[in-house]
Amino acid sequence: MKTSTTKVLRARAYIRVSHVGKARQDSLLSDVMQLDESRRYAEYLGFAFDEDSSKTHSDIDVSGFRKPWRQRPGLMAHYQAAERGEFDVLIFYKISRLARNVKEALDMISAFESLGVAFHFVAEKVDSTSGHGRFVRNVLLSAAEMQSEDTSEFL
């Protein structure tokens, strides 16, 4: 009898909260909610979820628009772990947690993907390992950038 050996993908979540006070009042993007939703998503897809690393390497009170990805300590910790081959999938609750600048986001994605790490986005239900997923991801990144630029005009 031949047994099937399917590799269980190892996943982590990247949690980013731009404004802690606002997120605590508005539970829609709180760190706890992002972690809970990412865990449920990983479980649904059968990924082995590393909750401890997801918590430890979160970026709280860090802007994704004003701070390049290589200057976000939590994200860089995930990147260094990816270099060591510690996980296969990086989960984001929303695409806006990734970045609000298309060029910056694509640079980050390229760096992680070159290490074999796939990106998944819970709220948008996007898996960037397919052509369709990459297309939708890129459209949503453009929309997030436009929204961020519109918002910054009023600040």
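I started at Leu98 and listed what it touches, leaving out residues up to four places away in sequence. The list reads Arg72, Phe92, Ala105, Met108, Ile109, Phe119, Phe121 and Leu141. I'm noting here that this is a predicted model.

Next I looked up the largest nonpolar core, which has 24 residues. Leu98 is among those that touch the most other members, along with Trp69, Leu90, Met108, Phe112 and Phe119. Helix 4 (73–83), strand 5 (89–92), helix 5 (102–113) and strand 6 (118–121) each give two or more residues to this core. Helix 5 gives the most, six residues. I also found a second, separate core of 13 residues, with Ile15, Ala42, Phe47 and Val89 among them.

Then I went through helix 5. Its 12 residues reach 16 Å from first C-alpha to last, close to the expected 16 Å. I wrote down its buried residues: Val102, Glu104, Ala105, Met108, Ile109, Ala111 and Phe112. At the helix start, a side-chain oxygen of Asn101 comes to within 3.1 Å of the backbone nitrogen of Lys103.

Strand 5 and strand 6 pair in the parallel sense over four bridges, and Phe92 sits opposite Phe121 of strand 6. I followed the chain from strand 5 through helix 5 to strand 6 and got a right-handed β-α-β crossover.

Which way do the residues of strand 6 point? Ala118 and His120 go one way, Phe119 and Phe121 the other, and all are buried. Side chains alternate between the two faces of the sheet in a regular strand.

Last, I checked strand 7 (residues 126–127), which runs antiparallel to strand 6 and is joined to it by two bridges. Val126 is the bridge partner of Phe121. The two strands form a hairpin with four residues between them, and Lys125 in the turn has a positive phi of about 55°.

Definitions and conventions:
Residues numbered from 1 in each chain as written. Predicted model: local features only at pLDDT ≥ 70, side-chain atom pairs only at ≥ 80, totals over all residues. Heavy atoms only, no water. Core = buried A, V, L, I, M, F, W, Y, C linked by side-chain atoms within 4.5 Å. Buried < 20%, exposed > 50% of the residue type's maximum accessible area, 1.4 Å probe, protein only. Contact = heavy atoms within 4.5 Å. Expected span 1.5 Å × (residues − 1). Polar contact = N/O pair within 3.5 Å; in protein donor to acceptor, adjacent residues only side chain to side chain. Pairing = 2+ DSSP bridges. Right-handed = clockwise from strand over helix to strand, strands pointing away.
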